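Thank you all for coming.

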Amino acid sequence: MTALLELFWSFFQVGLFSFGGGYAAMPLIQAQVVELHGWLNMSEFADIITISQMTPGPIAINSATFVGMRIAGISGALVATLGCVLPSCAVALLLAKLYLKYRSLDLIHGALSGLRPAVIALIASAGVTILQGALQTSTGGMDWLNAGIFAAGLLLLLLRPKTDPIAVMLGAGLAGLAGYQWLPL
């Protein structure tokens with residue numbers, strides 16, 4: 001299969017099965033990009049997720065665009081993005097039509113209530129996987145600067161829930177820049 005076809009098919013599957021949004025898609029993207037095809041290693045995957053989170057738009061679509069660009073240039077970016085978007089658009093249209101028609105049924109409310117914890121589990125799983133990659137050095141040891149930045153960001157967000165996420169990201173980026181520039185790591 002050509003690279004473009006593989007990109008399309010991989011991200012088509014991500015788009016088709018990533019219920020719950022971008023964070024729920026991260027384990028699926030990781031499985032396709034890191035484990036199945038080996039297009040990226042875990043460190044590169046964590047970088048792509050970080051960049052995708054910082055850029056406007058859905059994380060899954062941004063990830064598809066970045067990975068496609070890395071693998072096959074502009075045509076790869078377009079094909080991977082189309083693959084990611086196409087199934088979700090079709091499924092969303094179908095579900096919107098069905099939901100509007102049957103939204104008052106208890107069966108629908110029960111199914112949606114049951115899906116919520118599963119989506120949260122997918123998000124938590126993706127977060128733990130990315131955290132493990134972010135806290136490891138290239139030699140497998142603990143990256144203490146990243147651990148400190150993570151702990152500071154988490155504490156700030158837990159103690160002051162209304163903290164602007166952009167300010168947290170800028171602060172973490174500046175701390176990383178300063179730390180890696182001036183600390184002997």
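**Rings, core and pocket**

F8, W9 and F12 are linked by ring pairs into a cluster; rings of Phe, Tyr and Trp, the last taken by its six-membered ring, pair if their centres lie within 6.5 Å, and planes under 30 degrees apart count as stacked, over 60 as edge-to-face and the rest as tilted. Please keep in mind that this is a predicted model, in which local features need pLDDT of at least 70 and side-chain atom pairs count only at pLDDT 80 or more, while totals for chains, interfaces and linings use all residues. Residues are numbered from 1 along each chain as its sequence is written, and side-chain values use heavy atoms, with hydrogens and water left out.

Searching the whole structure gives two aromatic pairs. The W9 and F12 pair is stacked, because the ring centres are 5.8 Å apart and the planes stand at 15°. These two residues are three apart in helix α1, so about one helical turn separates them; helices here are DSSP runs (H or I, at least four residues), numbered from the N terminus. W9 counts as partly exposed because its relative accessibility is 44%, where buried means under 20% relative accessible area, exposed over 50%, and partly exposed in between, with a 1.4 Å probe and protein chains only.

Beyond its neighbours within four places in sequence, I29 is in contact (heavy atoms within 4.5 Å) with F11, V14, V34, F45, A60 and S63.

Q30 lies in helix α2, and counts as buried because its relative accessibility is 12%.

Finally, the lining of the largest pocket includes 42 residues, with T50, I130, A134, F150 and A172 nearest the centre. At least two lining residues come from each of α2 (22–36), α3 (42–54), α5 (106–134), α6 (144–159) and α7 (165–182).

Technical notes
1 Å grid on protein atoms, 1.4 Å probe; cavity = no way out; pocket = protein on both sides within 12 Å on 5 of 7 lines; lining within 4 Å.
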